[in-house]
Structures are given as C-alpha cells and as structure tokens.
Amino acid sequence: MPPQNLMLLPLSTPKLSIGCPILDGCLGDGIPCNSIIELVGESGSGKTQLCLQLTVRAQLPPSHGGLWGSSLYIFTEFSFSFRRLQQVGNLYHASYHNLIGIDPLEDIYVHGVHDAQQLIHVLQDIQAFIAIDHTRLPVKLIVIDSIAALFRSQYQTTSADLKRRSEMFFKISGSLKALANKFGLAVVVTNQVVDFIGPHDGLNRVRLGNLECLHTSGRRVSPALGLAWAHCINSWVFLARHEESVGVNSRNASSATISSQTHRTFQLLFAPHLPHASSEFVIKKEGVVGVSR
C-alpha cells in the first residue's frame, strides 16, 4: 500500500448512528465507515436485530445520523427475516416519511451465501455492482450475518486446513477493507461465540480487547474463529445476555410465580482510540435501544 498524505485525509470519518444516543456514545458517535466492525454474541443476543436496524437507518441523511445510502445484506444461515425487516422499515418510514422512501426495502439488497468461496465471488461482484451505480442510493453499508457459519464444517483441524482457513480469512477481510476504503462504506460482520475453557487471562493468554474474558448466559465464551480472524477486524462489540429468575407474588401469600427476565449488555471490546464502554439495552419493536443507568 503506498504511503498516504495525512493532509489529504478527511478530518473525521463518517459514522452511521444506531439511533440511540446511549449506544452511539459507546462507539464514539456510531458505526464508523472505512473499516470493519464485528458484533459478537450468542444466538438471540440481538446481533441480527441490530443489523436490520442499521440497514434502514443507513438511508437517512447524515443530518439524522444516516449515510444517505443503500445497504447490501449477506446472510449465511437460516432464512432471512424479511418480515422483521419490513416491520422495522415501516416504523422508520412513519417516523421519517419525508426522508425515507415509501418502501425502505427497495434500498436494501439481500443475498444468501453458503460457503466462504462463494462469499469471495460475491464480494468481487459487489465491487462491479457498486462501481456501475445500479442503486437508487449509493451503497454505503455491507452486512455479513454471520461469518462463522461459513467455516462451521468446511475445514478440519489439520494444519493444512487451518492454514487454508487463515488464508481465506485474509482474502475476505482484505476484500471488505478494500471496498470500505474505495467507496467509503461501513462494514458490519456478525460472529458467534464458542465455549471457552482455559486460563483467565485471555485467549491463548492474549487479552480479549478490553476484557480478559467474556460471559453470556452463565457461560464463559470467546468469539468464534479464533485469533486469526480477530486480527482481521478493526472493532469488536460483544452482545451478552443473562437470564434472571424473578419471583412474582400472587394474591395468595403462600404462593409465588417464578418468571425469567432477560438482561442484555452492549460492550465495546476494542476500537482504535476508544476506551472500554458498555450499556444495558433492550429490544423493542422499533429496534435496539440502550438503557440509561
């Protein structure tokens, strides 16, 4: 990569607002463009919900925290939640009817992939797709949900397969970073977690961002795909959930009903020049919302 003249670089990086001042504050005002941010969490932690929310918010003008752009959403497992996306889109259109089109889904392009090699081909096609300017709004956001699913069973634990897998990591991240820098995009990738058994001082004694270990649903976990993939990411956010049993007294003093209450936490694990930050959040019909303490 040739050296850059720092005087020619923009003074600030455009950012995509989550739509919540509390969560935006954890990220230094939102999701940054020109880089890759990863949302790490177990199933049901809110990763996909947050991604759907971002694809709609990207259509807003910068004055309202958006990028005035369309989104490419690449999903790798299950069926895509068009119904939930339509619900979020309708809510945002009702709130910003002068700023978002009648059907926000027209500016969200969804594509499914099933293995890592297919993703490489799709990323190559995306560069041509963006360059030819096929979309009503310029593409400003790429979402991959989730990256771990592409490597779940395709590679074994032999040294040769691990080497090929690492090479694929760098191909994918290199393509994403090139797209982000060339077109000024925000790139959001989701990742799953795996149970972690080992010392309490990080993964292979390497500190996990701003935390030494991660916990969710009473489990000690680490991001899937290991350190090789972690080195490909610019910023990490960990979404944790914890179930708490709550007793509710009934009219009959001798009996009580036990119910379960979910607590969710948004934690910035690592980002250049940003300190650790966290906030509890809830998932409402309009999306992910931080909870003030």
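Helix 5 (residues 159-183) has 25 residues, which at 1.5 Å a residue should span 36 Å, and the distance of 36 Å between its end C-alpha atoms agrees with this. The model described here is a predicted one. Ten positions are listed as buried in helix 5, namely Asp161, Arg165, Met168, Phe169, Ile172, Ser173, Leu176, Leu179, Ala180 and Phe183. The spacing of such positions can be read against the geometry of a helix. An α-helix has 3.6 residues a turn, so residues three or four places apart point the same way. The buried residues of helix 5 pack against strand 3, helix 4, strand 6 (139-145), strand 7 and helix 6 (226-230). Just after the helix, Gly184 takes a positive phi of about 65°.

Leu179 and Phe183 are among the buried residues of helix 5. Gln127 itself is partly exposed, because its relative accessible area is 33%, a value that lies between the 20% limit for buried and the 50% limit for exposed residues. Gln127 and Ala178 are separated by 51 residues in sequence, while their C-alpha atoms are 9.3 Å apart in space.

Strand 3 (residues 35-41), which belongs to the surroundings of helix 5, is largely enclosed by the rest of the structure, because seven of its seven residues are buried. Ser35, Ile37, Leu39 and Gly41 point one way from the strand, and Ile36, Glu38 and Val40 point the other way; all are buried. Strand 3 runs parallel to strand 7 (residues 186-191), and six bridges join the two. Within this pairing, Val40 has Asn191 of strand 7 as its bridge partner.

A further set of strands forms an open sheet of three, with the order 8-10-9 and antiparallel pairing. Strand 8 (193-195) and strand 9 (214-216) stand at the edges with a single partner strand each, so one side of each is left without a neighbour in the sheet. On average, neighbouring strands of this sheet are turned by 55° against each other, direction ignored. Strand 9 and strand 10 (residues 219-223) run antiparallel and are joined by three bridges. Leu214 stands opposite Val221 in strand 10.

Helix 3 (residues 82-95) has 14 residues and reaches 20 Å from its first C-alpha to its last, close to the 20 Å expected at 1.5 Å a residue. Its buried residues are Arg84, Leu85, Val88, Gly89 and Tyr92. These residues lie on the same side of helix 3, because they cover an arc of only 135° around the axis. The cover over them includes helix 2 (47-57), strand 5 (108-112), strand 13 (277-284) and strand 14 (287-291). On the face turned away from the buried side, helix 3 carries the exposed residues Arg83 and Ala94.

For the chain as a whole, there are six helices and 14 strands. Of the 293 residues, 48% are buried. Among contacts with a separation of 6 or more, 70% are between residues 24 or more positions apart. The accessible surface of the chain comes to about 15000 Å², and carbon and sulfur atoms account for 55% of it.

How values were computed. Residues numbered from 1 in each chain as written. Predicted model: local features only at pLDDT ≥ 70, side-chain atom pairs only at ≥ 80, totals over all residues. Heavy atoms only, no water. Helix = DSSP H or I, 4+ residues; strand = E, 2+ residues; numbered from the N terminus. Expected span 1.5 Å × (residues − 1). Buried < 20%, exposed > 50% of the residue type's maximum accessible area, 1.4 Å probe, protein only. Arc of directions from axis to C-beta. Contact = heavy atoms within 4.5 Å. Areas by Shrake-Rupley, 256 points an atom, 1.4 Å probe, with all protein chains shown as cover. Pairing = 2+ DSSP bridges. Axes fitted to C-alpha atoms, helices over the stretch in contact; angles between N-to-C directions.
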